[in-house]
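Please look over the sequence and the model below. A short report on its helices follows.

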Amino acid sequence: MISPKMADSLNKHMNLELFSAHLYLSMSSCANELGLKGAATWFLVQYQEEMIHFMKFYRYLVDQGINVTITASKAVPNRYKTLLEMFEKTLVHEQLITSCINELTEQAVKEKDHASQIFLQWFVTEQIEEENNDRDIIAKLKLVGSNGHGVLMVDNELGQRVFVAVPGATVPIQVM
């Protein structure tokens, strides 16, 4: 049984995951406009992953008998000057998400809500991967600096990313 306070906290975070999806979709569009098709693909895959995260929270809450509330999202930034700037903003955002997941986990521990603790453990592990990926890409982008050839090489590598659905998750969209 989930407490109203825990349900409210998870519902708020669910909406933050939706905001994350919108942020990465916007970054995909911006990367595309900058001619960075690989980065556009990378951010589109990130958008899809965030939608899966959103749906995991949605499904968990609904399975707990909660009527979820979808809140209006604030506008997401859609202008970036460089790929490095996009990934630096991505890392900052993922660090915010990590902090929120940690707070939710701590709340679940305090409330002795074992089901929510177990549910949140997947996200704790996921955030380690998210931040590590962002730091790796930032390091590569800093290494090549403003060298166009280097940025294009990194962009090409980013374009190799493909969406892999989480087992048992509902896939909200298909890549065409």
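## A bent helix and its neighbours

H4 bends by about 30 degrees at Leu120. The bend is the angle between axes fitted to the seven residues ending there and the seven starting there. This is a predicted model, where local features need pLDDT of at least 70, side-chain atom pairs count only at pLDDT 80 or more, and totals for chains, interfaces and linings use all residues. Residues are numbered from 1 along each chain as its sequence is written, and side-chain values use heavy atoms, without hydrogens and water.

Helices are DSSP runs (H or I, at least four residues), numbered from the N terminus. H4 has 31 residues. Its span is set out here.

| Span of H4 | Value |
|---|---|
| First C-alpha to last | 46 Å |

The expected span is 1.5 Å times one less than the number of residues. After H4 comes Gly145, with a positive phi near 60 degrees.

Several residues of H4 are buried, including Phe119, Leu120 and Phe123. Buried means under 20% relative accessible area, with a 1.4 Å probe and protein chains only. The cover over the buried residues of H4 includes H1, H2, H3 and H5.

How do H3 and H4 lie? Their axes come within 9 Å and cross at roughly 160 degrees. Axes are lines fitted to C-alpha atoms over the stretch in contact (heavy atoms within 4.5 Å). H3 and H4 are therefore roughly antiparallel (angles over 145 degrees).

His13 sits in helix H1. His13 counts as buried because its relative accessibility is 4%. Beyond its neighbours within four places in sequence, His13 contacts Phe57, Ile97, Cys100, Ile101 and Leu104.

Conventions
Helix = DSSP H or I, 4+ residues; strand = E, 2+ residues; numbered from the N terminus. Buried < 20%, exposed > 50% of the residue type's maximum accessible area, 1.4 Å probe, protein only. Axes fitted to C-alpha atoms, helices over the stretch in contact; angles between N-to-C directions. Parallel < 35°, antiparallel > 145°, perpendicular 65-115°, else oblique.
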